[in-house]
Each structure stands twice: as structure tokens, then as C-alpha cells.
Amino acid sequence: MRIHILGICGTFMAGIALIARSLGHTVTGSDKNVYPPMSTLLEKENIQVIEGYDPSQLTTAPDLVIIGNAMSRGNPCVEYILNNNIPYISAPQWLHDNVLKDRWVIAVAGTHGKTTTAGMVNWILEQSNYQQGFIIGGVPGNFDISARLGEGNFFVIEADEYDCSFFDKRSKFMHYCPKTLILNNLEYDHADIFDDLNAIQKQFHHLVRLVPSKGLIISPQDDINLKQVLAKGCWSEQINTESATGWDAKKVSNDASHFTVYFNNEIVGEVKYSLVGEHNMHNALMAIAAARNVGITVKDACNALSSFHNAKRRLELYAQIDSIELYDDFAHHPTAILATLEALRSKVGSNKRILAVLEPRSNTMKLGVSKDEIAPSLGRADEVFIYQPEHLPWLVSDVVDECIQPAHWSGDLDLLVEMIVKTLKPNDVILVMSNGGFGGIHQKIIDKLAKNND
């Protein structure tokens, strides 16, 4: 078939393009913003990408259009497709119909840690030569692609609760039909499409309904929101983590880069790897439990994790300028901010100062739903700098006023950079947090430091 993809430069949509290409289809696509890394990845795969949504790209009608969830009514291509009766489908539905329905799907769902945990499962299977397919919402650290068809029976997928398309408002994961399901955690998020926590729990309950009775659901013992979901009905085998009667992990090193794995209260493995933070230790525990469910020993899973590298922007050391370290993280929610800062604190110790730099950019943060939780989540930082985006409907100065440590804000990015650099002392650690590009603030800080050092 000749398939055209609207919104092709998103990580998930680019992954769909790669898989469709692997199935032998001719694939083209378009996007409003064509930029690396996905644009270069698609170019490398000889997939033509058109900038913008001029309907002329559809005048020679493709056999099928896969429409991304960023497309809405009023989009010129969407209107042309509807007016001219061109066949269309959502990406999750296409993935199910053409790939997942014949595979053992290992899905990773939850508010936090999906990309990391899915990456861990994927690497464990890779090291065990499972030849699995995968699609992950970020380029996994051990791979140079975000998706592949694979040749084996297994398929690893990051199971996002966001909606599918303008015509299918169910969560994406409703099309994945997993046999092994990881439920990492659950909090209120995506305030732009979910009215409240109950609305998200309803989607998760529908996901649980899809897991076969011979399937497995892995969830943490102490997550009350997930407990409520599972209490609505569960027809599959269940196993808990952080539980004496299931899986557990205990730190050996303070930063949790070395920990022991327990099953039914007995030591069954040990992990030493490059990641830090208790949240990643729990992610790894989930991955080990899922791997065991598909026939991989705990020992082999632990060994595989020793060479695991996380996806970009997960507490990534972006640059070192003399004695100053600059880290980058995707933190998009107060819980993620707190976990990242706790992990970084455990890594650098109590003698180094951490300067937290935050852009409230995710839809939930923009809407101010979690505004009151931001200042407490920044508690492990020594100094705080918050950017006031132009169209943010609330004032970040309110958060600054609630911070217990010195805190600053600005709506001028260059001025914010100046404030950060002026405050810096030798051996300081800067942590930049945003789920976007943050106006290139990382390079601005580096350039400003270099200029000051001249």
C-alpha cells in the first residue's frame, strides 16, 4: 500500500512509519514542525516528509492515511480526507490490526517511568536474543531507532493513556491488547483531555479488561489509585512489587545504582548499572518481573540491565563546564520533579549545590492543576529558577513565593540564564527540567559560562 502519515515527526508516529516501511509499504508523511531527531531518522530511512498540511500532498490519493492525535478538525489535510472519502485510521488501531494482534504484547502503562521501563524490558529481551519488535516514546539508549517490527513473537510497547485521534477518544493503549501488562503507577495527568482522576482510572480499568486470564498484570503494592482500578475487576494473574509476597528491591548503594532483587522474600538477583534513583530501581524491578513472565531468568535479566543505557533526557549529563555539571531531564509533573531531584541528590551527595531550572510546559502544568505541588517537589534543590512562558495562564511567582529555598523567576529566557550563571559557584550542579526544548537554555547557559570565563 501507499500510506501517508499526518504528524509523522512525533516519536510514536515516526515509529509507526518505520514499522509500516518494514512491512513493505511505501510511506510518506507530513508535519507542521519538521526537526531532528525524527526528521533525520526518517530521512535516513528514505521516508519523504513534507512540511505543513497543504492538501495538495493528498491530490494523488494514498491508499490509506494514518492520522496522528495532534491533528484536529479544521486541519486542511483532515478536511480534504473527509471531503474526498480517502480511507483513514488512527495509529494505535493500525498498529493493532497489522502487527500486535499476532504477537505477545508486553505493555508498560502508568503516569511515570513508561519510557525507561519499556526500554529496560526491551533491552533484557534483546540481550536474550528474543528478536522482539518494539515501539517506545523516545529513542532507547541502547538503540538508534525508536521502533522496529522485529521477527520474534514478542512486542514491547510504551502504553500511553493519551487519546488516539480526533475521531477515537479512547486511550491509545486500548488497541494494544497486552498479555503482560506493567502498571507502573497512576496519578492525575493530561488535564487537557481528562476531567479528573476517575476519568483516567476508567481508561485503565478498560485496559485491564483486555488482558487475557492467562496473562499477567504487574503493579506496585502501595499505589492506591491502581488498587482502585484493579478493585473494579481483574480477570488475570496479578503480582505486586514492593511486596513481601511478590517482588521487592533493596538498595546496596545510596544512589540505588546497586541493589538486590527479592522474590517471595528471598534474594534472587543483583543489579549494578549506570542509572540512579529509587524510582529507577522500581522501574527495573517491574522490567525484571515482566521478563521472567516471558521466560527469562532473573539472573539473565539482572545481567542485561548492567549494560542498559536510558533514553535521552532522563537525568542525562548534558555538559560539564570546568567543575560545573549540567543535567537535562524530561520532568513534566511534580512527582517526576521530586523523583529526579531525589535521584540527583543521592548521586552528587549533600556537599554539592543543586540549582533546579524549571519550565512548566506539560499540558497539566500549563493548566495549573498541579501548581500547588510544584514548590514542595523542588524541596531537594538548593536554589530554584522558574521560567514564565508567555501564554501560561498562571503566575510562576506564586510557586517561587512558596519555595523554602532561594527562588527566582523571569519571563525573559536570557535574563533567567543571566540569573543562573551569576549565582553559580564552583562544583555546582544545574538540573534543567522541561518536556520541550526550553528555548535552547542548555546551550545558552554553556555559552554564557564560556563568555564569562574568557
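Predicted model: local features only at pLDDT ≥ 70, side-chain atom pairs only at ≥ 80, totals over all residues.
Five strands make up an open sheet, paired in parallel and ordered β3-β2-β1-β4-β5. At the edges sit β3 (48-51) and β5 (88-90), each with pairing on one side only. From one strand to the next, the twist averages 25°. If you zoom in on β2 (residues 26-31), you'll find four bridges joining this strand to β3 in the parallel sense; G29 has V49 in β3 as its bridge partner.

Now for the helices. Helix α1 (residues 11-22) lies across β1 (2-6), β2 and β4 (64-67), and runs at about 175° to β1. Helix α3 (residues 76-83) also packs on the sheet, where it touches β1, β4 and β5, with its direction at about 140° to that of β1.

On to the charges: the structure has 15 salt bridges, including these:

| Pair | N to O distance |
|---|---|
| D102 and K101 | 3.4 Å |
| E161 and K114 | 3.7 Å |
| R148 and E126 | 2.5 Å |

R148 is partly exposed at 21% relative accessible area, and E126 is partly exposed at 25%. D102, at 57% relative accessibility, counts as exposed because the cut-off for that is over 50%.

Finally, a network of salt bridges links R353, E383 and D428.

Terms used. Residues numbered from 1 in each chain as written. Heavy atoms only, no water. Pairing = 2+ DSSP bridges. Helix = DSSP H or I, 4+ residues; strand = E, 2+ residues; numbered from the N terminus. Axes fitted to C-alpha atoms, helices over the stretch in contact; angles between N-to-C directions. Contact = heavy atoms within 4.5 Å. Salt bridge = Lys/Arg side-chain N within 4 Å of Asp/Glu carboxyl O. Buried < 20%, exposed > 50% of the residue type's maximum accessible area, 1.4 Å probe, protein only.
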